[in-house]
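Please read it alongside the coordinates.

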Amino acid sequence: MYDICPPAVYAHESVMAHARYRERVERVVAALREPRDIITYTDDDLADMVHQHGLLANRRPMGTIADVQDPILLFNTFRFESAEDEAARRQRLTNAGLDHYTNGMLGTGAFVWFDSNLETDKHRHDKVCRPCWRIHLQEGCLHKCSYCGFGGLLAVMVNVDEYCTHLGSIIERHPWQTTYLLDDDADPPGLEPELGTLPELIEYFGTLEDRYLIVHTKSYNTDWLRGLRHNGKTIFVWSISGPTQSRIIEPGTGTTEARIAAARVAQEAGYPIRYKFKPIIPVKGWREDAAQTIELLFRETNPDVISLCVYMWNDFDQMAERLPLDLLEPAFVDAAATRQVTLAETRTAPFPPAVRQEIYEHHLREIRRHNATIPVSLSTESFAMWGEMKGQLGCTATNYVCGCGPQSNPNCTTLACHPFQVATRNDANTIPGVT
């Protein structure tokens, strides 16, 4: 487990009333750097926890905080209740004066329908991603990356046994989805193996046929993976960055070298591994950093996919709040400041297309120096960028294999079917825990 010192530890009454769930929390607390009492709370306490005890005070981009501390830990259970019961519970919180809360605080959001590039997605013409079910056990992060807004509070769901029962219904009803991304708003290995939820989920997927769990991480904590009955059904994807970025902008993560070493442990234990250069922040010397990182990852590991994504989802002013601009390549900062690409214009802001394409092409050249055939794709990029680069990448916006897409099985080179056409939601509002 990570060496952390949270300011407080909360556990919902449903956790403390269940012996196995309570033991999970007690193991985590016993491994903390300093002792902490476990504060038992109820839903009725949440308003005071927010207003009087600052539960969400630091749930904001960490680059805007002078001294970033470890997050508060909050242990909860998914409720798996009806939509009507969930709505009534939300209303009670509103009546108690709580106008802002997260799924983790409420015990909701176990399974989320991600409608990317479908008609209901308002950004479908601006980015390329795949519609699918995404699954969650945590919300928040220990890693303290400057650009991230998921600090301050780490909400952790502990009833993974119940969770797998309901997840089985999602899997059964959606045969077109073969891979399931866990926690796109968290980094789940940090509290393992003391917590014990991720090992249980990994072993659950190990019992399935042709279905895969995808864990996306920046972690250095993988020694505990050895010995689990995973049967090759869990894919680990490392967000990888160069040494400067990993040490200065992502200070709580594994360094470049530590992430690759962790990936090697996973690979040696039989897990398929992948890398995403995401987000690529063009620090001074980024070309050399990229070349060094790519050489190291191919020397130490054998990934089956690499994805690329330049820093995005901010306008220039937001980037300036989150990142030390004097650390970035001046010409690229000037290009972003001059062009002032806005989020209203494109989700790929703040860097203009020419800057992003130059960064992608450099990474691609370095990858091809070491491996001529590994699938390389763009992540959450625009259709326009795909149009510019599909010849170099050897795939298109509709058949590329990505790190975490819903049909990106191990050792797949291109998709066999159109990802936007086969994705059909079939829960009919009958599966509890669905958002």
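1. Sheet. Five strands form an open sheet in the order β2-β1-β3-β7-β6, with mixed pairing. Strands are DSSP runs (E, at least two residues) and helices likewise (H or I, at least four), numbered from the N terminus; two strands pair if DSSP finds at least two bridges between them. The edges are held by β2 (38–41) and β6 (138–139), each with a single partner strand, so one side of each is left without a neighbour in the sheet. Within the sheet, β3 (residues 72–76) and β7 (residues 153–157) pair in the parallel sense over five bridges, and Leu-73 stands opposite Leu-154 in β7.

2. Basis of the values. This is a predicted model, in which local features need pLDDT of at least 70 and side-chain atom pairs count only at pLDDT 80 or more, while totals for chains, interfaces and linings use all residues. Residues are numbered from 1 along each chain as its sequence is written, and side-chain values use heavy atoms, with hydrogens and water left out.

3. Helix packing. The axes of α10 (residues 286–300) and α13 (residues 353–370) come within 9 Å and cross at roughly 30°; axes are lines fitted to C-alpha atoms, for helices over the stretch in contact, and angles run from 0 to 180 degrees between N-to-C directions. The crossing of α10 past α13 is right-handed, meaning that the near helix is turned clockwise from the far one by less than a right angle. On the α10 side the contact (heavy atoms within 4.5 Å) is made by Trp-286, Arg-287, Ala-290, Ala-291, Ile-294, Glu-295 and Phe-298. On the α13 side the residues are Glu-358, Ile-359, His-362, His-363, Glu-366, Ile-367 and His-370. By class, this contact has seven nonpolar, three polar and four charged residues; Ala, Val, Leu, Ile, Met, Phe, Trp, Tyr, Cys and Pro count as nonpolar, Asp, Glu, Lys and Arg as charged, and the others, Gly among them, as polar.

4. How many cavities of 30 Å³ or more does the structure hold? There are two. On a 1 Å grid over the protein atoms alone, a cavity is a set of points where a 1.4 Å probe fits but cannot get out, and lining residues have an atom within 4 Å of a point. Grid points are joined across faces, edges and corners, and a volume is the space filled by probe spheres set on the points. The largest cavity has a volume of about 100 Å³. Of its 13 lining residues, the closest to the centre are Gly-242, Gln-245, Ile-280, Ile-281 and Trp-286. The elements giving two or more residues to this lining are β11 (273–280) and α10, and the lining comprises eight nonpolar, four polar and one charged residues.

5. Second largest cavity. This cavity, with a volume of about 30 Å³, is lined by Met-62, Val-68, Gln-69, Pro-71, Cys-141, Lys-144, Gly-151 and Gly-152. These divide into four nonpolar, three polar and one charged. Lys-144 is found in the loop between β6 and β7 and has a positive phi of about 65° although it is not a glycine.

6. Second largest pocket. A pocket is an open set of grid points with protein on both sides within 12 Å along at least five of seven lines. Of the 17 residues that line it, Glu-81, Ser-82, Ala-83, Ile-431 and Val-434 are the closest to its centre. Its lining has five nonpolar, seven polar and five charged residues.

7. Cis peptide bonds. Most residues other than glycine have a negative phi, and most peptide bonds are trans. A cis bond joins Glu-192 and Pro-193, with omega about 5°; Pro-193 lies in the loop between β8 (179–182) and α7 (197–205). Another cis bond joins Ala-349 and Pro-350, with omega about 15°, and Pro-350 is in the loop between α12 and α13.
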